[in-house]
Amino acid sequence: MTTTVQLKTRPLKPGFGAELIDVDLAHADAETVSGVVEAFHKHGAILLRGQTMDPTQLVQFISAFGEPEDHTQTQFTLPGHPKVFILSNRVVDGKPIGAHNDGVGWHTDYSYKAEPVMCTMLYAAEVPDEGSDTLLADQCAAWNALSPERQAELDGLMLHHSYQYFMSTREFGRQELSDELKAANPDVIHPLIRTHPSDGRKALWVSTGTVKEVVGMPNPQGLELIDELVDWVTQDQFVFRHKWQVGDILMWDNRCTLHTGTLYDDTKYFRTMHRLWVKGDKPF
Ligand code: SIN
């Protein structure tokens with residue numbers, strides 16, 4: 001898709017991502033929204049600052065990227081808005097209103113599903129004065145920087161992803177899954193090297209948390225290889241660190257990025273984000 005709208009941009013870091021300047025999404029016309037979608041696909045990640053969006057507008061906006069995806073832990077979706085997931089440390093009437101520290105640890109979203117989400121969007125409703133940055137790693141740049149010999153060794157490896165394994169081993173929000181959640185989230189196998197469907201570029205599509213093993217490689221060697229590759233992908237040269245302001249919208253393409261949230265002083269600050277997902281397809 002091409003558009004005639006020329007959005008003002010600046011890179012999030014050289015060669016990766018773009019901040020889109022002077023776009024007011026709540027009042028944007030269809031052509032501008034098409035320009036935003038185009039920028040997302042071109043840059044792999046986009047940032048729009050100073051937005052004021054209600055949940056209905058957020059769902060409408062993300063629908064321009066594809067069909068919004070449902071969330072697994074439905075108790076943390078916004079009442080009346082099942083596609084809007086809340087990340088928060090707020091407790092109201094004795095109940096957490098969202099998942100706290102849910103995204104801490106390098107991962108790619110929904111990797112435990114046969115069709116992981118294509119795009120993640122975070123909208124900042126309230127943010128701490130310090131901490132809680134979100135980091136994005138460019139998995140294509142990380143793949144391209146490997147030697148041809150190392151690429152040949154890794155190409156073809158398959159990873160076993162498991163939601164049950166993730167939820168029983170994760171640092172925050174560990175949970176014994178109900179029979180219903182177990183049945184809805186069977187283990188899946190995905191390639192370590194993922195091809196982007198738009199242009200064939202390759203990504204070192206490693207992740208932590210859901211990866212239980214490298215297929216055909218006994219542990220601990222398999223998980224040691226995962227740790228080594230995550231260390232590679234998350235070197236400073238491949239990583240953009242986002243410091244949040246209220247009203248920021250940050251979006252990334254999960255087919256070519258790895259991300260993590262970071263901790264903050266949750267005794268001093270509140271952090272509330274709205275997270276929306278767009279459906280994806282089977283990795284190859
Ligand atoms: C996520 O991983 O979906 C959220 C990351 C964050 O809270 O910064």
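Author: Begin with helix α1, whose buried residues pack against β2 (16–21), β3 (45–48), α2 (55–62), β8 and β16 (249–253). This is a predicted model, in which local features need pLDDT of at least 70 and side-chain atom pairs count only at pLDDT 80 or more, while totals for chains, interfaces and linings use all residues. Residues are numbered from 1 along each chain as its sequence is written, and side-chain values use heavy atoms, with hydrogens and water left out.

Reader: What are helices and strands here, and what do buried and contact mean?

Author: Helices (H or I, at least four residues) and strands (E, at least two) are DSSP runs, numbered from the N terminus. Buried means under 20% relative accessible area, exposed over 50%, and partly exposed in between, with a 1.4 Å probe and protein chains only. Contact means heavy atoms within 4.5 Å.

Reader: Which residues of α1 are buried?

Author: An α-helix has 3.6 residues a turn, so residues three or four places apart point the same way. In α1 the buried ones are Thr32, Val33, Gly35, Val36, Val37, Ala39 and Phe40. Just after α1, glycine 44 has a positive phi of about 85 degrees.

Reader: How do I read a nonpolar core?

Author: A nonpolar core is a set of buried Ala, Val, Leu, Ile, Met, Phe, Trp, Tyr and Cys residues joined through side-chain atoms within 4.5 Å. The largest one has 26 residues, of which Val36, Phe61, Ile249 and Met251 touch the most other members. Its largest share, 5 residues, comes from α1. Leaving aside neighbours within four places in sequence, phenylalanine 61 is in contact with Leu25, Val33, Val36, Met53, Met121 and Met251.

Reader: In what order do the strands of the open sheet lie?

Author: Two strands pair if DSSP finds at least two bridges between them. Here 3 strands form an open sheet in the order β15-β9-β17, with antiparallel pairing. The edge strands, β15 (239–242) and β17 (257–261), each pair on one side only. β9 (residues 134–138) pairs with β15 over 4 bridges, and leucine 136 stands opposite phenylalanine 240 in β15.

Reader: Why does serine 132 count as buried?

Author: Serine 132 counts as buried because its relative accessibility is 1%. Serine 132 lies in the loop between β8 (119–126) and β9. Not counting residues up to four places away in sequence, serine 132 touches Trp244, Thr262, Leu263, Tyr264 and Arg271.
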